[in-house]
Amino acid sequence: MNTTVAIKVFPEGRRLELVQGDITLESVDAIVNAANALLHHGGGVAAVIARKGGPVVIEESRAWVQQNGPVTHERPGYTSGGNLPARYVIHAVGPVWGSGDEDAKLTAAVTGTLRMAASLELATIAMPAISTGIFRFPRRRAAGFIYRAVCSHFEEDVESSVKVVRIVLFDAGTLEDFLTVFKNEFPD
């Protein structure tokens, strides 16, 4: 069972929530897959999403890349959720630490994800700690950029359909780092 550990409420009731649990259990409009550009679901969160979502997620990922080309930081792809409780999976490509301009790339990945969700007219999404696993982006640094990208979306796109963004973290260490930054970013 997933547990909400922190909530920031924005104007018009939009919410950013920090959650400990399994992203594949989220009953939201879309979950976010921390993907690679070719949507190969070989390891980490991507492999779990593909396994639990079923073959349709892998098949639709291949079709997306064939029709649209590789996914970029700015332009994520999407598939159905398959067997997941979420209707969609938005496949966001975060930066590999050490590749250069990582902060801007992570911001672009989160912003692109939120724009994609809005274009699909989704209200609720759940995302992991993009790039902090095998891509090695420092967790606390990533948390700040993820939170600021969500805040900017809520402030700048008041017409967006996105009302709730849940950052879902599986392990205690990542949760601790994200919670520390959450308390600093949103002290009230």
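**Helix packing and the main pocket**

Guide: This is a predicted model. The axes of helix H3 (residues 102–119) and helix H4 (residues 139–156) come within 9 Å and cross at roughly 40 degrees.

Visitor: Why is H3 called oblique to H4?

Guide: Because angles under 35 degrees count as roughly parallel and 65 to 115 as roughly perpendicular, the crossing at roughly 40 degrees makes H3 oblique to H4.

Visitor: Left-handed or right-handed, where H3 passes H4?

Guide: H3 passes H4 in a right-handed crossing.

Visitor: Which residues of H3 and H4 meet there?

Guide: From H3 come Asp103, Leu106, Thr107, Val110, Thr111, Leu114 and Arg115. They meet Arg141, Ala142, Phe145, Ile146, Ala149, Val150 and His153 in H4. By class, eight residues in this contact of H3 with H4 are nonpolar, three are polar and three are charged.

Visitor: Moving along. At what angle do H4 and H5 pack?

Guide: H4 packs with helix H5 (residues 172–185) at an angle of about 50 degrees, and their axes are 9 Å apart. That makes H4 oblique to H5. The crossing of H4 and H5 is right-handed.

Visitor: And which residues make that contact?

Guide: H4 supplies Arg139, Arg140, Ala142, Ala143, Gly144, Ile146, Tyr147 and Arg148. H5 supplies Gly173, Thr174, Asp177, Phe178, Leu179, Thr180, Val181, Phe182 and Glu185. The contact of H4 with H5 has eight nonpolar, four polar and five charged residues.

Visitor: Which elements give two or more residues to the lining?

Guide: Strand E3 (30–35), helix H1 (44–53) and strand E7 (164–169) do. H1 gives the most to the lining of the largest pocket, with five residues.

Visitor: How do the lining residues divide, nonpolar, polar and charged?

Guide: The lining of the largest pocket has 14 nonpolar, twelve polar and four charged residues.

Visitor: What separates the C-alpha atoms of Ala47 and Arg140?

Guide: The C-alpha atoms of Ala47 and Arg140 are separated by 24 Å, and the two residues are 93 residues apart along the chain. Arg140 belongs to the H4 side of the contact with H5.

Key
Residues numbered from 1 in each chain as written. Predicted model: local features only at pLDDT ≥ 70, side-chain atom pairs only at ≥ 80, totals over all residues. Heavy atoms only, no water. Axes fitted to C-alpha atoms, helices over the stretch in contact; angles between N-to-C directions. Helix = DSSP H or I, 4+ residues; strand = E, 2+ residues; numbered from the N terminus. Parallel < 35°, antiparallel > 145°, perpendicular 65-115°, else oblique. Left-handed = near helix turned anticlockwise from the far one by under 90°. Contact = heavy atoms within 4.5 Å. Nonpolar A, V, L, I, M, F, W, Y, C, P; charged D, E, K, R; others polar.
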